[in-house]
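Take a look at the structure below.

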Amino acid sequence: MTRLFWKMTYIPLTHRPVFWDALIALLCIALVAWIALSSTLFPAPASGIGVALGVIGLAIVSYGSFIEPKRISLNTKSIQKSLPAMRIAVIGDLHVGPYKQSSFVEKIARNVNALDPDLIFIVGDFLFDHTSDIFHLDPLRELTSRYGTFGIIGNHDSGRHLRRGKHFVTRDRSDEVSAYLQERGVAMLRNKSHRLDINGTALRVAGIDDIWMSSSDLDAALNGIANDEPTILLSHNPDVILDERSHHASLIISGHTHGGQIRLPFVGSLYPLPDRLGRAYDQGIFHISDRTTLAITHGIGETQTRARLFCPPEILVLHIHP
């Protein structure tokens with residue numbers, strides 16, 4: 001698998017990202033509001049138009065910053081594959097830290113359990129950054145399903161980040177996250193697979209470390225899996241499909257993209273996605289080959305700006321039909 005790790009630059013642990021994009025956005029909002037609400041700057045009747053635009057702008061910003069990020073949506077998809085019939089709940093990109101804490105994670109757990117899933121997959125990025133309090137993940141111990149809860153490591157958990165097209169590294173907490181979640185009943189798949197028996201049919205669930213990590217090993221994860229054995233592969237970054245070895249799996253489940261986090265109807269993501277696949281693979285279900293389907297959840301949490309627009313926190317529910 002092509003590795004991106006070598007392109008990264010180490011940043012000392014004292015580094016804490018400053019979200020300049022968020023600061024600039026807030027300044028622009030403040031400027032627009034000041035202009036719109038300052039009638040002295042607008043001769044009538046233009047002042048009325050300016051005030052209306054300002055109010056609409058502030059309403060959108062307020063909704064995207066403080067309301068939509070707290071909503072939880074259930075996104076249900078049906079997939080016909082050569083896999084056992086089952087219901088899978090997928091969550092990802094929790095990013096616990098300044099925007100999402102234990103109370104929200106508890107709410108997610110309650111909603112997932114209410115679905116009575118056969119399997120639960122958590123596709124990485126448990127933490128916001130290297131300073132996040134891991135104890136906010138404690139409610140994940142409450143997750144229940146017939147055949148287990150499985151998780152993988154994301155780039156934020158290992159301190160690998162992409163900003164303005166450049167990779168950088170902070171503190172790697174992947175071992176800490178894995179150990180903490182294992183103790184709470186989440187089976188962490190770090191370049192390995194687990195064999196399940198679903199109603200008498202064998203199923204392999206494989207998972208890899210995030211592909212930006214030097215430890216990511218797709219061969220190890222798929223080792224010992226027969227070519228015709230039904231397999232689900234968990235990879236935080238959907239770029240894994242660029243490696244044809246991943247097409248051994250019938251179903252690949254990923255996160256990472258946040259669906260763009262800020263979207264507009266008919267336009268989609270407003271920002272470039274942090275992967276090589278780009279906007280064409282931002283969220284949803286994709287036919288990769290006659291054998292392989294890719295499912296991408298747009299996730300739960302936020303990074304950089306505290307905002308979601310037309311892209312609320314999502315629990316992806318996959319109904320698998322043979």
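**A contact on a helix**

The side chain of Asp175 makes a polar contact with the side chain of Arg190, at 2.8 Å. A polar contact is a pair of N or O atoms within 3.5 Å; within protein, one must be able to donate a hydrogen and the other to accept it, and residues adjacent in sequence count only if both atoms are side-chain atoms. This is a predicted model, in which local features need pLDDT of at least 70 and side-chain atom pairs count only at pLDDT 80 or more, while totals for chains, interfaces and linings use all residues. Residues are numbered from 1 along each chain as its sequence is written, and side-chain values use heavy atoms, with hydrogens and water left out.

Where does Asp175 lie? Its place is helix H4, residues 174–182. Helices (H or I, at least four residues) and strands (E, at least two) are DSSP runs, numbered from the N terminus. Asp175 counts as exposed because its relative accessibility is 57%. The cut-offs are these: buried is under 20% relative accessible area, exposed is over 50%, and partly exposed is in between (1.4 Å probe, protein chains only). Ile153 is 22 residues from Asp175 along the chain, and their C-alpha atoms are separated by 9.2 Å.

Now turn to the strands. Strands of a sheet pair through backbone hydrogen bonds, either parallel or antiparallel. Here, two strands pair if DSSP finds at least two bridges between them.

Strand S17 covers residues 314–321, and six of its eight residues are buried. Eight bridges join S17 to S2, and the two run parallel. Ile79 stands opposite Ile320 in S17. S3 pairs with S17 too, but in the antiparallel sense, over five bridges. There, Ala89 has Val317 as its bridge partner. S3 (residues 86–91) also pairs with S4 (residues 119–122), in the parallel sense over four bridges.

Move on to strand S11, residues 231–234. In a regular strand the side chains alternate between the two faces of the sheet. Thr231 and Leu233 point one way from S11, Ile232 and Leu234 the other way, and all are buried. S11 pairs with S10 (residues 201–207) in the parallel sense, over four bridges. Thr231 is the bridge partner of Arg204. S11 also pairs with S12 (residues 251–254), again parallel, over three bridges. Here Leu233 stands opposite Ile252.
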